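Welcome, and thanks for taking a look at this chain with me. Please open the sequence and the model side by side, and let us walk through the fold together.

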Amino acid sequence: MTQTQKILVTGATGTVGRQVVAELLARGHEVRALTRDAAKAAFPAGVEVVEGDLTRPDGLAPALEGITGLHLITFGGAALTPLTTGPRVLELARSAGVRRITVLHGGGPTPLEDAVRADDGVEWTVLMPVEFMANALEWADGIVASGEVREPFVSRLSAMVHEGDIGAVAAVALTEEGHAGQEYVITGPELLTVGDKVATIAAAVGRDIALVELTEEQAVEQWRAAGLPEDVVGFLLEAYGNTPEVGRTVASTVEKVTGRPARTFTQWAAEHADAFKA
């Protein structure tokens with residue numbers, strides 16, 4: 001058992017942030033959650049909620065008091081733009097006595113992650129998850145409304161990861177020795193096609209779900225109709241049409257770091273089955 005520690009989680013209301021909070025609580029640590037709107041946070045009992053914004057770091061000093069570990073995101077503000085406040089955040093963290101920092105990788109180089117990597121005053125770990133299993137929730141409306149999933153590149157492979165496992169790796173790195181300077185690629189335990197995912201959800205909800213393969217042109221039209229900006233459309237075409245090797249290679253990180261196997265998409269689908277039911 002590790003000694004109880006107090007951890008500040010930024011981006012705490014996000015898909016990964018909530019899992020970091022949950023894992024730390026489950027391991028018996030104290031959690032302080034940073035959010036821009038405490039009234040909408042809805043965290044479990046025992047979580048200390050504080051308001052703050054990484055885009056305005058000078059207001060973070062009170063939130064860092066008594067903190068031993070800090071989980072950081074690399075984008076901030078209402079527009080989720082890349083954070084350039086890393087040096088000041090790190091200065092405040094060191095002054096407060098923070099020992100360990102985890103950074104959720106943003107998909108490419110970012111100023112905040114660069115600042116953390118260059119800092120030798122803290123023990124940092126970079127978390128590099130591949131596709132989230134939670135991305136499948138984007139299919140929920142179509143499954144409920146028409147019993148179908150409409151996607152391009154349906155044979156693409158993904159080592160998609162349960163977001164809870166990202167939180168688990170973060171919790172260990174923030175509270176235990178031996179993870180300083182590590183870049184952890186975090187994946188699930190298997191490779192899945194789009195068809196595999198749809199079949200798994202169908203089994204979880206107990207109904208047939210049709211998979212309709214779109215052409216690239218149809219996919220672009222669908223994404224634009226959904227309001228996605230052009231840079232995101234371009235990213236999706238590249239990520240789905242030419243998935244990088246890291247995104248389709250199973251890594252053993254979860255088991256090595258946490259001591260238990262990575263959770264499967266079958267488990268995730270069972271946990272979220274209600275989202276795909278009318």
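Two strands count as paired if DSSP finds at least two bridges between them. With that in hand, consider H71, which stands opposite T102 in β7. Please keep in mind that this is a predicted model.

## The chain as a whole

Let us start with the overall picture. The chain holds 11 helices and 11 strands. Its C-alpha trace spans about 55 × 40 × 40 Å along the principal axes. A compact globule of 278 residues would have a radius of gyration near 19 Å, and the chain agrees with this, having 19 Å.

How much of the chain is buried? Buried residues account for 48% of the 278. The exposed surface comes to about 13,000 Å², and carbon and sulfur atoms supply 51% of that area.

## The seven-stranded sheet

In what order do the strands of the open sheet lie? The seven strands follow the order β3-β2-β1-β4-β7-β8-β10, and their pairing is parallel. β3 (47-51) and β10 (182-186) stand at the edges with a single partner strand each, so one side of each has no neighbour in the sheet. From one strand to the next, the twist averages 20 degrees.

## A well-covered strand: β7

Is β7 enclosed or open to the outside? Five of its five residues are buried, so β7 is largely enclosed by the rest of the structure. The cover extends to both faces of the strand: R100, T102 and L104 are buried on one side, and I101 and V103 are buried on the other.

## Helices on the sheet

Which strands does helix α1 touch? Helix α1 (residues 15-26) packs on the sheet and touches β1 (6-9), β2 (30-35), β3, β4 (69-72) and β7. The direction of α1 makes about 170 degrees with that of β1.

Helix α6 (residues 163-175) lies across β1, β4, β7, β8 and β10. Relative to β7, helix α6 runs at about 155 degrees.

In soluble globular proteins, nonpolar side chains tend to be buried together. The largest nonpolar core in this model has 27 residues, and the members that touch the most others are V9, V20, V21, L24, F43, V169 and I186. The elements giving two or more residues to this core are β1, α1, β2, α6, β10 and α10 (253-258). α6 provides the largest share, with six residues.

Setting aside neighbours within four places in sequence, V21 is in contact with V9, A12, V31, F43 and V47. Apart from this core lies another, of 25 residues, with L54, L72, L83 and L112 among them.

## Loops worth a look

A42 has a phi of about 55 degrees and sits in the loop between β2 and β3. Is A42 buried or exposed? With a relative accessible area of 67%, A42 is exposed, as the cut-off for exposed is over 50%.

G11 lies in the loop between β1 and α1. Its relative accessible area is 24%, which makes G11 partly exposed. Leaving aside neighbours within four places in sequence, G11 is in contact with G17, L34 and I73. How far is G11 from E176? The two are 165 residues apart in sequence and 21 Å apart in space, C-alpha to C-alpha.

Technical notes:
Residues numbered from 1 in each chain as written. Predicted model: local features only at pLDDT ≥ 70, side-chain atom pairs only at ≥ 80, totals over all residues. Heavy atoms only, no water. Helix = DSSP H or I, 4+ residues; strand = E, 2+ residues; numbered from the N terminus. Axes fitted to C-alpha atoms, helices over the stretch in contact; angles between N-to-C directions. Contact = heavy atoms within 4.5 Å. Core = buried A, V, L, I, M, F, W, Y, C linked by side-chain atoms within 4.5 Å. Buried < 20%, exposed > 50% of the residue type's maximum accessible area, 1.4 Å probe, protein only. Rg over C-alpha atoms; globule rule 2.2 N^0.38 Å. Areas by Shrake-Rupley, 256 points an atom, 1.4 Å probe, with all protein chains shown as cover.
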